[in-house]
Amino acid sequence: MLIAGKLYKYNKARKVYVDLAGSQTVDDVEQDQPFVFLEVNVLKWVEAYKVLTINGIVGWIHVGYPEHIKSVE
């Protein structure tokens, strides 16, 4: 379980979207680049995570393999 406000990283690059549906890209999270986890929403085939990027952008990333998200120490 991820904790809101903590730093995490994902082993795949992700587009950051303005909404859950992925209608508009607002930023990118590169492979293993840290982000702050804010909340989760489970969609049909993927989990969507609301994040704060290192660029100060708040948006949603889609994660197919949540077990690959790791805490940044």
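F37 counts as buried, at 5% relative accessibility; buried here means under 20% relative accessible area, exposed means over 50%, and partly exposed lies in between, with a 1.4 Å probe and protein chains only. The structure is a predicted model, in which local features need pLDDT of at least 70 and side-chain atom pairs count only at pLDDT 80 or more, while totals for chains, interfaces and linings use all residues. Residues are numbered from 1 along each chain as its sequence is written, and side-chain values use heavy atoms, with hydrogens and water left out.

F37 belongs to an aromatic cluster that also contains Y8 and Y49. Rings of Phe, Tyr and Trp (for Trp, its six-membered ring) are paired if their centres lie within 6.5 Å; planes under 30 degrees apart count as stacked, over 60 as edge-to-face and the rest as tilted. By this rule there are two aromatic pairs. In one of them, the ring centres of Y8 and F37 lie 6.3 Å apart and the planes stand at 85°, so the pair is edge-to-face. Because Y8 lies in strand β1 (residues 7-9) and F37 in strand β4, this pair ties together parts that are 29 residues apart in sequence. Y8 is buried, as is F37.

F37 also forms an edge-to-face pair with Y49, with 5.6 Å from centre to centre and 65° between the planes. This pair links distant parts of the chain, since F37 is in strand β4 and Y49, twelve residues apart from it, is in strand β5 (residues 47-52). Y49 counts as buried, at 4% relative accessibility.

Strand β5 also holds V51. This valine is buried, with a relative accessible area of 0%. Leaving aside residues up to four places away in sequence, V51 touches F35, V36, L38, I57, V58, G59 and I61, where a contact means heavy atoms within 4.5 Å. V51 and I3 are 48 residues apart along the chain, and their C-alpha atoms are separated by 12 Å.

P34 is placed in the loop between β3 (25-29) and β4 (35-42). With a relative accessible area of 30%, P34 is partly exposed. The C-alpha atoms of P34 and Q24, ten residues apart along the chain, are separated by 21 Å.

These residues can now be placed in the whole chain. The protein has zero helices and seven strands; helices (H or I, at least four residues) and strands (E, at least two) are DSSP runs, numbered from the N terminus. The radius of gyration, taken over C-alpha atoms, is 11 Å, close to the 11 Å that the globule rule gives for 73 residues, so the protein is as compact as a globular protein of that length. That rule is 2.2 Å times the number of residues to the power 0.38. Along the principal axes, the C-alpha atoms fill a box of roughly 30 × 25 × 20 Å.

Buried residues make up 29% of the 73 residues. Among contacts with a separation of 6 or more, 45% are between residues 24 or more positions apart.
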